[in-house]
Amino acid sequence: MTLPSSRHGLSTALRSLQYRLHSSRLSDAVTAANGTRCLSTESSSAGLEPIRAAPEIDYRAIRDMVPKIPPGGLDVRYARAMPISPSYFARTTRFNDTYLALEKLLKTYENLPTIPYSETERVVWKNLNDFRRNVGEPVKASEYVKCLEIVKRLHQIHPKLMPKKVKTALWDFTRSVQAFKAGETVAPIDKFGRTIGNGRRKASTARAFLVEGNGEVLINGKTLVEYFGRVHDRESAVWALHATGRLDKYNVWATAEGGGTTGQADALTLAIAKALMAHEPALKPALRRGNRLRDTRPKEGGEKEAWPREGEKETYMGQEIVLSRKSIKWPWASHEPPVLEVILPLVFPQCKPYFCNNQATNHKRSSPHIFARTIYTNCTLQHNFLENLFFNMQPS
Amino acid sequence: MIIRNFGVRHGRRVLAAPAPRSFLRALSIRTPTTTVADPEAAPVSATQAAADARKRAVLLKAEIDRLPEEFRKYEAYQEQTKSLGSKLKFRYLPDEVLKRPPHDVTLEDLMAAQAHMGHHTSQWNPANSRYIYGEREGIHIISLETTAAHLRRAANVVESVAYHAGLILFVGNRKGHRPIVVRMAELAGACHLYQKWTPGAITNKDVILASGELRVVDELDRTLDGFDAFLRDSRPVSPDLVICLNPVENYPLLHECGLASIPTIGIIDTDADPTWVTYQIPANDDSLRSVALIAGVLGRAGERGRQRRLADAAEGKVAWTKPHAVQAFIQNHNSTCRSEALAKLEELAREGKLKVGEAEEIKQSFTEESEEEIKAQLGKRSE
């Protein structure tokens, strides 16, 4: 019985209660008519009827009629709290329930015909982190792998014969966003023959317009050389064109804003790569191989770049070079000797100048007074030459 | 310098370039193995290979499309020929003991399940000497008569706990225990644990099991409504009986049970400490067959107890009472509702919408409390 909210509701409820009480108390001889009580002394019917005993009083009915519980109260004789899941005492209750249910499903529908996994509808399954976030439990990776195996086996059931139960069970493991279903969107080429691409890196954003041409690059109205002082930045900005051998086949007009030069250069890399993709979609694998379609570098706090070892091989501009680590020390305390970046490309046209900042790589090798830079060169001879050069270039 | 650079550049290139193949072949000491091309086989061109691949894909797709119809035919055929052939009366199925666990065991069953095999004699725990029948081939042999007797006693305990609506927990966290504990928990309407026991899930349950979900059930195990507030504030539950299939690895659990006075049943091998559990079942705990058999008997006992409880409850016979927390919640809730209703009645009476007698009558109708208590409550209200 619920408690009536309005006063009118309450009064009607009370009336009905009252009526039920009266009717239970008054015997058949006492009748209630129009709310007034009257005792009739005359028999209503003319003929004599055999005297019958009153029916037995049903005490249970009367007891049930009288509510002992107030409106809104709980009328419960037996109640106890029980766990909902049989895995209540396990650390991963929900996951265990899911897993056992899947196992049961597999056992039930083991004999349904399956198709090769490659022929099934392509589905992106939730990864461990997604699933952990969903169930909020510290699911073990090894157990989740086993679970996914069952999921994939169930997914192999022929789609026309797959029971609805299986479909709903698998739904828990599919990602909400299915990348395959979206299809590929190719940026259009506008009426001037331009394509547009956007890129972001650190705090920088860049947008590049690519049009067929002869290799001119304008960034914020300046040429590449004017805009980027560092050779590394210049190279990385047009890396997508460079890596695919399209440097002299397109003109770039780009805007870059926010952040520093490195960020802008890398943002431009992505922007130009995307714009190039719109012109030539077939270049996607090549660009992907060079990691130019996505910024795959670890974010801050991730694993640090490893220190290259002596004699380690590296490819630079399609050529294999041998690294030799030589430390050049110069006595003046300058963190960014600008001359180095200007001079090095002139001296070493073929080698890759590699500036390894000791702080960035977490190697505490610098002394407080002498700032050490490590330069990778391909030739000891040149290295000596460079050393002499630097020692002769002390600032006045 | 120019010459030097030239030498550096081009000299390296020459060295870096891989040696020509013909040269390598000349160096090789292995006899060249040339496959003689089948003169009748036509050379396969790239386009031809692609065409073949396409053809194969089409064929595969057609085969996949045919599958449902073929499966239906297969099923119909199976149905038709079901009654044909001979019938095997009995054959050994490894998971038979899980599918249909026995209600009781014979000594032969136990022997067949290798329940009598103990550990190497050097590994024994002398406290188990009364369960040990003898020594053979360097291992102790457990007395199966003792095993059977202890198993029946434990089964009685499980049945009784299930009959009194206790919460039973089956624990077995060795490799291969999962299907056993899951099945037995399913039979007995109990909980199972096949992973590591979280230390503190009994002694520190308010923290460890805080996120565990509960429901309130009545005598017929139907979920009751109206207990949301109770479930929000109630403490997590602890098991009333713990059945452990491998006590050797579960000391933290058994210790907690001891601290919380929760009875435990355990399979005690000759190397285990029998004092860790309340009700010992001396048997081999390393054989999955032995463990499955013993757990099966206990699961069946739980099932019997549960069925008996539900059957009695349907006839109005209930052997358990409300826990104190639930009782207190219901009383609190009802007294709140009662005072609210009385307040409304009072309000109606003040406004003259009820006659004097009527109000009193209604009050008595929905209260179990005496007149004095009502008056006291009304007095409290008016203050």
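Mentor: Begin with a definition: a residue is buried if 20 or more other C-beta atoms lie within 10 Å of its own. Keep in mind that this is a predicted model.

Trainee: Which residues of H7(B) are buried?

Mentor: In H7(B), the buried residues are Ile180(B), Val181(B), Val182(B), Arg183(B), Met184(B), Ala185(B), Leu187(B) and Ala188(B). That is 8 of the 11 residues of the helix, so H7(B) is largely enclosed by the rest of the structure.

Trainee: What do the buried residues of H7(B) pack against?

Mentor: They pack against elements of chain B, namely H4 (96-99), H6 (144-163), E4 (168-171), E5 (191-193) and H11, together with H3 of chain A. Just after H7(B) comes Gly189(B), with a positive phi of about 65°.

Trainee: How do I describe two helices that pack together?

Mentor: Two packed helices are described by the angle between their axes and the distance between the axes. Take H7 (residues 178-188) and H11 (residues 288-314) of chain B: the angle is about 15° and the axes are 7 Å apart. H7(B) and H11(B) are therefore roughly parallel to each other. Their crossing is right-handed.

Trainee: Which residues make the contact of H7(B) with H11(B)?

Mentor: H7(B) contributes Ile180(B), Arg183(B), Met184(B), Leu187(B) and Ala188(B). Among the residues from H11(B) are Val291(B), Ala295(B), Gly299(B), Glu303(B) and Arg306(B). By type, the residues of this contact divide into 8 nonpolar, 3 polar and 4 charged.

Trainee: At what angle do H3 and H6 of chain A pack?

Mentor: H3 (residues 93-108) and H6 (residues 164-171) of chain A pack at about 150°, and their axes are 11 Å apart. That angle makes H3(A) roughly antiparallel to H6(A). H3(A) passes H6(A) in a left-handed crossing.

Trainee: Which residues meet there, between H3(A) and H6(A)?

Mentor: From H3(A), Ala101(A), Leu102(A) and Leu105(A) meet Lys165(A), Val166(A) and Ala169(A) of H6(A). The residues of this contact comprise 5 nonpolar, no polar and 1 charged.

Trainee: Now sheets. How are the strands held together?

Mentor: Strands of a sheet pair through backbone hydrogen bonds, either parallel or antiparallel. Chain B has an open sheet of 3 strands, in the order E1-E3-E2, with antiparallel pairing. E1 (117-120) and E2 (132-136) of chain B stand at the edges with a single partner strand each, so one side of each has no neighbour in the sheet. Ignoring direction, neighbouring strands of this sheet are turned by 30° against each other on average.

Trainee: How many bridges pair E2(B) with E3(B)?

Mentor: E2(B) and E3(B) (residues 139-142) pair over 4 bridges, in the antiparallel sense. Glu135(B) has His140(B) in E3(B) as its bridge partner, and Ile132(B) has Ile142(B). The hairpin of E2(B) and E3(B) has 2 residues between the strands, and Glu137(B) takes a positive phi near 55° in it.

Trainee: And how many bridges pair E1(B) with E3(B)?

Mentor: E1(B) and E3(B) pair over 2 bridges, again in the antiparallel sense. His120(B) has Ile139(B) in E3(B) as its bridge partner.

Trainee: How many helices and strands does chain A have?

Mentor: Chain A has 14 helices and 13 strands. Of its 396 residues, 21% count as buried. Among the contacts in chain A with a separation of 6 or more, 72% join residues 24 or more positions apart.

Terms used. Residues numbered from 1 in each chain as written. Chains lettered and ligands numbered in written order. Predicted model: local features only at pLDDT ≥ 70, side-chain atom pairs only at ≥ 80, totals over all residues. Axes fitted to C-alpha atoms, helices over the stretch in contact; angles between N-to-C directions. Parallel < 35°, antiparallel > 145°, perpendicular 65-115°, else oblique. Left-handed = near helix turned anticlockwise from the far one by under 90°. Contact = placed C-beta atoms within 7 Å. Nonpolar A, V, L, I, M, F, W, Y, C, P; charged D, E, K, R; others polar. Pairing = 2+ DSSP bridges. Buried ≥ 20, exposed ≤ 12 C-beta atoms within 10 Å, placed from the backbone.
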